[in-house]
Amino acid sequence: MEQATQRHFYYHGKEGYEAERSNCHWCQIRSFPTHSTLPVTVVNQEDTQVLPDDFRFINNVVHGEGVEQAGDSFRSGCSCINDTECQFTSCHCLADLDDDDSSSDEEDGSFGYRTSGMDVDTLRVHRKAYAYHAHGSKAGLLRSKFHDSKMPIYECHQGCSCSIQCPNRVVERGRTIPLEIFRTEDRGWGVRSPVSIKKGQFVDRYLGEIITSTEADRRRSKSAISRRKDVYLFALDKFTDPDSFDPRLKGPPLEVDGEFMSGPTRFINHSCEPNMRIFARVGDHADKHIHDLALFAIRDIPKGQELTFDYVDGVSYEGEEPGGDIDHMTPCLCGSKKCRKFLW
């Protein structure tokens, strides 16, 4: 590992090494806007392996061929008069929430509020609905009702009138903890943090190249081990609906490929008993087809503990007999007490 970093430290600050710098993992990491305060580091105290030469760190998703964002004429954001208003169902960004998704009165104080002369219907419109706690030591943490749910997270975004400090812009503001990519004893690379992470805290997004389903299938077939390719491909299928009026949501969903370009979360290992979950996060509603994949802690995580999430989000083969197909299934190596033995 030390030998692999020598050229970076000795040469990449000098003129004439621009091309080499662009392919250097450490230079890529140092280019992140938050590097000085929330660094991503890489350590290996197990063997001589280094990160794959054909991998590149990125700080935002890359749109592949045939993948487009919505046009400006279809974009919209909330016009809340202040950041506090973005917590309630009257906020345009929360308009797609089902009635059952609004917050109950038991969490974070009273969520309905009434001003003089406000009728019952108006009170219902001003019911708190966003995904996060707003006050006290839990401010910014995901509400407990989301931890075990499959509900999407709707956030305000850069097209809104609210400020970047809006309490409904947790993922929008980005990662707030340092991360360390490290070499595990028996499962390749893993990720941990040198600081403790609270239950419900946002960790980071899963990044990669967003590609069409046709291209994803082509890459699977081209991969020497297609099952290995599936480890890095995540379908953006949260809003896929054959009856949707949006043609982008009708057909096969787009997929995120993080194998050759991604952020540090690309190196997070699977566990059948994880300490994080991945959630669909929506900013501008016109871009639901390319929603974010956001990782949140679902329990308190001590500093230095490996970060994990369930690649298949609880889908189990328990009780099934794989029979002759067992040779074509991907074994799970998480080693947890609740291990399901196979990923898919």
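## A strand pair to start from

Let's begin with Phe 182, whose bridge partner in strand β6 is Gly 190. Strands here are DSSP runs (E, at least two residues), and helices are DSSP runs too (H or I, at least four residues), both numbered from the N terminus. This is a predicted model, in which local features need pLDDT of at least 70 and side-chain atom pairs count only at pLDDT 80 or more, while totals for chains, interfaces and linings use all residues. Residues are numbered from 1 along each chain as its sequence is written, and side-chain values use heavy atoms, with hydrogens and water left out.

The strands β5 and β6 pair in the antiparallel sense over four bridges; two strands count as paired if DSSP finds at least two bridges between them. Five residues lie between the strands of this hairpin, and Gly 188 takes a positive phi near 70 degrees there.

## The three-stranded sheet

Phe 182 is also the partner in β5 of Val 43. Four bridges join β1 to β5 (residues 179-183), and these two strands run parallel. Together this gives an open sheet of three strands with mixed pairing, in the order β1-β5-β6. At its edges are β1 (40-43) and β6 (189-192), each pairing on one side only.

## Two nonpolar cores

A nonpolar core is a set of buried Ala, Val, Leu, Ile, Met, Phe, Trp, Tyr and Cys residues joined through side-chain atoms within 4.5 Å. The largest one has 43 residues, and Phe 57 and Ile 181 are among those that touch the most other members. Each of α3 (25-30), β1, β5, β6, β13 (276-282) and β14 (292-297) supplies at least two residues of this core. Apart from it lies another core, of 30 residues, including Cys 80, Cys 91, Tyr 132 and Phe 239.

Asn 168 sits in the loop between β4 (153-154) and α6 (170-173). With a relative accessible area of 0%, Asn 168 is buried; buried means under 20%, exposed over 50%, and partly exposed in between (1.4 Å probe, protein chains only). Among the residues that Asn 168 touches are Cys 86, Tyr 130, Tyr 132 and Cys 156.

Lys 341, by contrast, counts as exposed at 54% relative accessibility. You will find Lys 341 in the segment after β15 (308-309). Its phi is near 80 degrees, a positive value in a residue other than glycine. Most residues other than glycine have a negative phi.

Conventions: Contact means heavy atoms within 4.5 Å. Lists of a residue's contacts leave out its neighbours within four places in sequence.
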